[in-house]
Every structure is written in C-alpha cells, then in structure tokens.
Amino acid sequence: MPCFNPDFSAAAIVTSALFELYTYTNNKTYLDFATQVLNTLNSEAYLLKDTVNGPFVLDHSTGNWPKNDEIDEPIVYGDYYFLEALTRKRNLDVQ
C-alpha cells in the first residue's frame, strides 16, 4: 500500500483558482500549470468508468485523512471544482 494517497479534489480546487488568478494577472505560468493539471484530471486515470452507478464524475479523492474516512473515493465538491475549472478554462477562450 503506497504512503501517498491521491486527492483529485484538492487538485481541482487549485486548478480552478489558478484559472481565475490568470484572469487577473495574465501570468502564463498559472494558465500552463492549471491546463496541465486539468488535462491530467480529465483522463482515464481519474474519470469514473461508465459502469459506476453514481452521480460522480471523478474518482480518487480524500475526504478526511486523519479519520481514514472517504479515502480514494469520488467526492461531490471535487466534481464541482473540476467542472468549475473546465468552465473557467473554456471562458478564457485560449488554447
């Protein structure tokens, strides 16, 4: 068992924030890093399979590490920030 536990929700939150920060700074570093993370999240490694019966988009999040609760599972607020990041990137009208 690895000592590292993936947490897509944290990555989605930061990614969404970096797209927003880019709109204020035009700092391409923010845009490039956010795009890289978003592309990683929007991959087979994180997207839930069609066979999963549930209202989620992504897998591999951590809800409460200290209590060993919601570990490596889909979490609704992670999906929210992932969708928000996708929307923010689309609204930037950049490639």
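1. The first point concerns how helices α1 and α2 are arranged. The two are roughly antiparallel to each other, a label given to angles over 145 degrees, where under 35 counts as roughly parallel, 65 to 115 as roughly perpendicular and the rest as oblique. Helix α1 covers residues 8-25 and helix α2 covers residues 28-41; their axes come within 8 Å and cross at roughly 150°. Axes here are lines fitted to C-alpha atoms, for helices over the stretch in contact, and angles run from 0 to 180 degrees between N-to-C directions. The crossing of α1 and α2 is left-handed; that is, the near helix is turned anticlockwise from the far one by less than a right angle, whereas clockwise would be right-handed.

2. The model is predicted: local features need pLDDT of at least 70, side-chain atom pairs count only at pLDDT 80 or more, and totals for chains, interfaces and linings use all residues. Residues are numbered from 1 along each chain as its sequence is written, and side-chain values use heavy atoms, with hydrogens and water left out.

3. Which residues of α1 and α2 meet? From α1 come Phe8, Ala11, Ala12, Thr15, Leu18, Phe19, Leu21, Tyr22 and Thr25, and from α2 come Lys28, Tyr30, Leu31, Phe33, Ala34, Thr35, Val37, Leu38 and Leu41. Contact means heavy atoms within 4.5 Å. By class, the contact of α1 with α2 has 14 nonpolar, three polar and one charged residues. In this scheme Ala, Val, Leu, Ile, Met, Phe, Trp, Tyr, Cys and Pro are nonpolar, Asp, Glu, Lys and Arg are charged, and the others, Gly among them, are polar.

4. Leu31, Thr35, Leu38 and Leu41 of α2 meet Phe82, Ala85, Leu86, Lys89 and Leu92 of α3. The residues of this contact divide into seven nonpolar, one polar and one charged.

5. The overall composition may now be stated. The protein has three helices and two strands, running α-α-β-β-α from the N terminus on. Helices (H or I, at least four residues) and strands (E, at least two) are DSSP runs, numbered from the N terminus. Of the 95 residues, 32% count as buried; buried means under 20% relative accessible area, exposed over 50%, and partly exposed in between, with a 1.4 Å probe and protein chains only. The accessible surface comes to about 6,500 Å², of which 54% belongs to carbon and sulfur atoms. Among contacts between residues at least 6 apart in sequence, 52% join residues at least 24 apart.

6. Serine 16 lies in helix α1 and, at 1% relative accessibility, counts as buried. Leaving aside neighbours within four places in sequence, serine 16 is in contact with Tyr81, Glu84, Ala85 and Arg88. Aspartate 79, in helix α3, is buried at 6% relative accessibility. Not counting residues up to four places away in sequence, aspartate 79 touches Phe8, Pro55, Phe56, Val57 and Leu58.

7. Is asparagine 26 buried or exposed? At 58% relative accessibility, asparagine 26 counts as exposed. Asparagine 26 is placed in the loop between α1 and α2. Its phi is near 55°, a positive value in a residue other than glycine.

8. Several further residues are paired across the sequence. Leucine 21, in helix α1, is partly exposed at 33% relative accessibility, and its C-alpha atom is 8.6 Å from that of leucine 31, 10 residues apart in sequence. Glutamate 73, in strand β2 (residues 69-73), is partly exposed with a relative accessible area of 36%. Glutamate 73 and phenylalanine 8 are 65 residues apart in sequence and 9.6 Å apart in space, C-alpha to C-alpha.

Notes
Areas by Shrake-Rupley, 256 points an atom, 1.4 Å probe, with all protein chains shown as cover.
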